Amino acid sequence: MKTTSAFEPDAAGLIIWLGNYICEGRKMAEQRETYKGREIILRTGAEASAARTAAGIGEGEAGANGAELYIDGERIFTVRDAGGAFIASGLAFDPQPSLIDLARKIIDYREAGE
């Protein structure tokens, strides 16, 4: 049986710690990215909750997993499908594995239509 020191946490302990960290809803920094000249903002946890409150959006209108996705300041309502992939309300294309990938797909779709 392998033992670990305080400086070498085992994988199960790390997974439990990460789960607790995420579930406690601690404030997380927003993720920003520029893709093809468009600004993508992804907010999760307490950061997303605070943004919804400031904008007058109820918790019932939260996006997938309570995350908030914005492209150039426009809020994109998202949901997760049964397989865990993300889709955007009102847009019909393949579900994407992450919200950032979904945002890139939306930008590509809109660029093709311009």
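**View 1. The S1-S2 hairpin.** S1 and S2 form a hairpin with two residues between them, and lysine 36 in the turn has a positive phi of about 50 degrees. The model is predicted: local features need pLDDT of at least 70, side-chain atom pairs count only at pLDDT 80 or more, and totals for chains, interfaces and linings use all residues. Residues are numbered from 1 along each chain as its sequence is written, and side-chain values use heavy atoms, with hydrogens and water left out. Strands (E, at least two residues) and helices (H or I, at least four) are DSSP runs, numbered from the N terminus. S1 and S2 pair in the antiparallel sense over five bridges; pairing requires at least two bridges found by DSSP. Threonine 34 stands opposite glutamate 39 in S2.

**View 2. The four-stranded open sheet.** The strand order is S1-S2-S3-S4, with antiparallel pairing. Strand S1 (31-35) and strand S4 (74-76) are the edges; each has a single partner strand, so one side of each is left without a neighbour in the sheet. The twist averages 25 degrees from one strand to the next. Angles run from 0 to 180 degrees between N-to-C directions, along axes fitted to C-alpha atoms, for helices over the stretch in contact.

**View 3. Tyrosine 70 and the S3 pairings.** S2 and S3 pair over four antiparallel bridges. Here isoleucine 41 stands opposite tyrosine 70 in S3. S3 (residues 68-71) and S4 pair over three bridges, also antiparallel. Tyrosine 70 stands opposite arginine 75 in S4.

**View 4. Helix H3 against the sheet.** H3 (residues 99-113) packs on the sheet and touches S1, strand S2 (38-43), S3 and S4. Contact means heavy atoms within 4.5 Å. The direction of H3 makes about 150 degrees with that of S2. Buried residues of H3 are Leu99, Ile100, Leu102, Ala103, Ile106 and Ile107; buried means under 20% relative accessible area, with a 1.4 Å probe and protein chains only. Down the helix axis they fall within an arc of 155 degrees, so they line one face of H3. The arc is taken from the directions from the axis to the C-beta atoms. Their cover includes S1, S2, S3, S4, strand S5 (78-80) and S6.

**View 5. The largest nonpolar core.** Of its 16 residues, Ile40, Leu69, Ile71, Ile76, Leu99, Leu102 and Ile106 touch the most other members. Such a core joins buried Ala, Val, Leu, Ile, Met, Phe, Trp, Tyr and Cys residues through side-chain atoms within 4.5 Å. S2, S3, strand S6 (86-88) and H3 each give two or more residues. H3 supplies the largest share, six residues. Beyond its neighbours within four places in sequence, isoleucine 76 contacts Leu69, Ile71, Ala88, Ile106 and Arg110.

Conventions. Buried < 20%, exposed > 50% of the residue type's maximum accessible area, 1.4 Å probe, protein only.
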